[in-house]
Amino acid sequence: MSAITTAGFEEFLEAHLGQEMLRFTTAGSVDDGKSTLIGRLLHDTKSVYEDQLAAVKKSRVNRAANGHVDLSLLTDGLKAEREQGITIDVAYRYFSTSRRKFIIADTPGHEQYTRNMATGASTADVAVVLIDAKAYLREGKLLPQSRRHTYIASLLGIPHVVAAVNKMDLVGYAEETFNAIRAEFVEFASQLGLKSVTVIPVSALEGDNVVAPSTAMRWYDGPTLLEFLETVPLAVGDNDGPLRFPVQLVQRPDANFRGFAGQVARGVLRAGDRVMALPSRRETAVRRIVTWDGDLPAVAYPQSVTVELEDEIDLSRGEMLVAAGTDGQQSLPQITRRLRAMVVWMHEEPLVVGRTYVAKHTTRTVRATVKAIRYRVDVGSLVHAEADHLAMNEIAEVELETNLPLFFDAYAESRTTGSMILIDGLTNATVGAAMIVGAAESEGEQDSRAALVLVAGRPEQAERVRDAMEARGQRAVVIDDVLIPDDALVAVVRALEIAGVTSITARELSAEALGNVVRATEKFAEGAVVVGEGLDEDEILRLAGVQV
């Protein structure tokens with residue numbers, strides 16, 4: 001009997017662990033009933049313990065009318081939240097049904113807590129935007145807060161957006177009211193480019209269309225909120241794209257093994273695949289995909305593994321493996337030091353042009369300087385406005401320049417390789433969340449910063465070129481130190497190139513030695529070598545990628 005019980009429990013546990021996990025976020029304006037809706041979901045799916053429910057019933061704070069239990073108290077955990085009847089911080093709640101497991105990110109709706117909403121919604125598969133039906137009738141249109149929440153959902157690339165039209169009981173469950181709200185919301189969502197939009201009439205207080213179908217809205221024949229959450233397809237886009245494998249750690253337990261540990265950020269990696277290392281662009285093949293449980297033939301996003309390669313290549317933390325297919329540039333990420341990103345600012349000290357921050361993108365950590373604020377978004381009206389700084393909770397498109405090239409996809413293509421965070425280098429505080437739009441160069445211009453400038457026999461010109469480059473914001477150094485021998489020149493150029501610094505030399509090398517240096521440098525810098533013989537300084541600077 002005991003063996004049967006144990007087997008049954010193991011089957012149940014295996015089935016539970018194998019269930020799909022859906023993450024969804026909720027957002028609503030003040031008094032839209034968002035916390036009540038989540039409390040209703042938890043209560044009606046039998047996900048609330050008896051002692052929790054008893055404590056809520058005994059609470060001295062009860063804003064529900066007509067003898068209802070105030071289910072919002074199940075989620076508003078902070079004392080200030082209960083007293084004010086608002087959500088302040090992001091709260092995570094967990095529940096499951098026979099179909100799926102769920103993680104709820106209960107985010108605040110107030111404009112001053114935009115950063116909290118962005119944090120909670122950044123990993124969501126579904127955004128539930130609450131709309132107060134009674135407030136809509138009073139204002140005659142969608143509230144600015146509802147528009148702002150929907151805009152942030154589109155900005156964060158959440159695949160599915162569902163508008164839960166709440167408090168239908170207070171408008172007599174009127175179909176006309178719901179149809180008007182649905183028409184306006186769908187039109188607004190289409191302007192934002194949202195592709196999967198659903199509108200559901202609910203009453204969180206009465207439980208209509210939350211878990212069970214409503215008997216008061218028989219005119220509605222769509223899914224309940226829970227049915228929608230149980231059946232909405234999960235995004236698989238990161239499995240379909242080209243391979244992205246950021247290296248997190250180089251493992252060398254002994255002389256016989258060298259592996260590169262990391263998480264597949266996009267695409268599929270198979271044993272035997274040809275891969276390219278960035279930024280060196282050296283190609284090799286995957287020998288093994290190693291895990292604690294043994295080798296695997298293939299892995300996909302978001303699995304974490306260790307990869308052993310056929311060849312010994314220069315690859316370290318922060319660099320990336322990508323597919324080395326026959327489609328050439330199509331399988332490569334964008335590689336540049338200048339990029340555009342939508343930034344949600346999260347710190348009391350504003351973002352200002354010219355300030356340098358630490359940027360963390362996948363496993364790569366670089367210094368990022370704010371070159372320009374292209375526009376700030378008024379999250380209420382969605383109007384683009386000029387700005388010279390970015391205050392806390394504001395959103396803007398910002399142009400950044402990093403000291404090292406980043407390997408990224410646009411956030412619209414991949415939320416993993418298209419996102420990064422900005423960190424204050426002094427306090428180590430996370431000050432901003434960035435969604436990459438693309439490279440900052442215009443009209444196909446590429447990041448052509450020179451790795452090496454050769455001005456043989458002209459040390460004074462080397463000094464002037466260095467000063468001119470630094471005056472224009474490009475770091476450069478003359479490497480004609482007596483302690484650097486000619487045969488170490490390429491290694492020094494490589495080290496400085498990784499740090500985002502251009503090397504300049506006035507050494508007089510033989511034709512053979514010069515050719516060797518140029519060919520070796522072009523292997524990792526892809527043609528970014530300027531030979532200044534017979535050129536004036538302006539021409540040298542132009543070829544080196546400096547605006548004259």
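# Reading a predicted model, feature by feature

Q: Which residues of H5 are buried?

A: Thr114, Asn116, Met117, Ala118, Gly120 and Ala121 are buried in H5.

Q: What covers the buried residues of H5?

A: The cover includes strands S1, S2 (91–96) and S3. It also includes helix H7, strand S16 and strand S22 (395–408).

Q: How do I read strand pairing? Take S1 and S3: parallel or antiparallel?

A: Begin with the general idea. In a regular strand the side chains alternate between the two faces of the sheet. Now the case here. S1 (residues 20–27) and S3 (residues 100–106) pair in the parallel sense, over seven bridges. Look at Thr26: its bridge partner in S3 is Asp106.

Q: How many bridges join S1 and S4?

A: Four bridges, again in the parallel sense. S4 covers residues 126–132. Find Ala27 and look across: Val129 of S4 stands opposite.

Q: Where does Gly28 lie?

A: Gly28 lies in the loop between S1 and helix H2 (34–44).

Q: Why does Gly28 count as buried?

A: Gly28 counts as buried because its relative accessibility is 2%, and the cut-off for buried is under 20%. Sequence distance is another thing to check. Gly28 and Arg148 are 120 residues apart in sequence. In space, their C-alpha atoms are 9.8 Å apart.

Q: How do I read a nonpolar core?

A: First the general idea. In soluble globular proteins, nonpolar side chains tend to be buried together. In this model, the largest nonpolar core has 38 residues. Leu156, Met168, Met342 and Ile395 touch the most other members.

Q: Which elements each supply at least two residues of this core?

A: Among the helices, H5 (114–121), H6 (133–139), H7 (144–155) and H8 (175–191) do. Among the strands, S4, S5 (160–166), S16 (334–345) and S19 (364–377) do. The core also draws at least three residues from each of domain 1 (6–231) and domain 3 (334–439).

Q: Which residues does Met168 touch, not counting residues up to four places away in sequence?

A: Met168 touches Ala133, Tyr173, Ala174, Phe178, Pro201, Val202, Met217 and Trp219.

Q: Is strand S11 mostly covered or mostly open, and what pairs with it?

A: S11 (residues 274–278) is mostly covered, with four of its five residues buried. S12 (residues 282–290) is one partner: four bridges join the two strands, which run antiparallel. Ala277 has Arg282 as its bridge partner in S12. S15 (residues 320–323) is another partner, also antiparallel to S11 and also joined by four bridges. There, Val275 stands opposite Ala323.

Q: What do S11 and S12 form?

A: They form a hairpin, with three residues between the strands. Arg281 sits in the turn. Its phi is near 65°, a positive value in a residue other than glycine. Arg281 counts as partly exposed because its relative accessibility is 27%.

Q: Where else is there a positive phi in a residue that is not a glycine?

A: Go to Asn209, where phi is about 60°. Asn209 is found in the loop between strand S6 (196–201) and helix H9 (225–231). Asn209 is buried, with a relative accessible area of 3%.

Q: Which peptide bonds are cis?

A: Pro279 is found in the loop between S11 and S12. Another joins Tyr301 and Pro302, with omega about 5°. Pro302 lies in the loop between strands S13 (298–300) and S14 (304–309).

Q: How do I read the confidence score?

A: Keep one general idea in mind. Where pLDDT is low, the predicted coordinates should not be read in detail. In this model, the chain averages a pLDDT of 84, and 84% of the residues score at least 70. Over residues 78–88 the pLDDT is below 50. That stretch has 30 contacts in the model beyond near neighbours in sequence. Over residues 442–447 the pLDDT is also below 50, and this stretch has five such contacts.

How values were computed. Residues numbered from 1 in each chain as written. Predicted model: local features only at pLDDT ≥ 70, side-chain atom pairs only at ≥ 80, totals over all residues. Heavy atoms only, no water. Pairing = 2+ DSSP bridges. Buried < 20%, exposed > 50% of the residue type's maximum accessible area, 1.4 Å probe, protein only. Core = buried A, V, L, I, M, F, W, Y, C linked by side-chain atoms within 4.5 Å. Domains from an automatic or database assignment. Contact = heavy atoms within 4.5 Å. pLDDT = per-residue confidence, 0-100.
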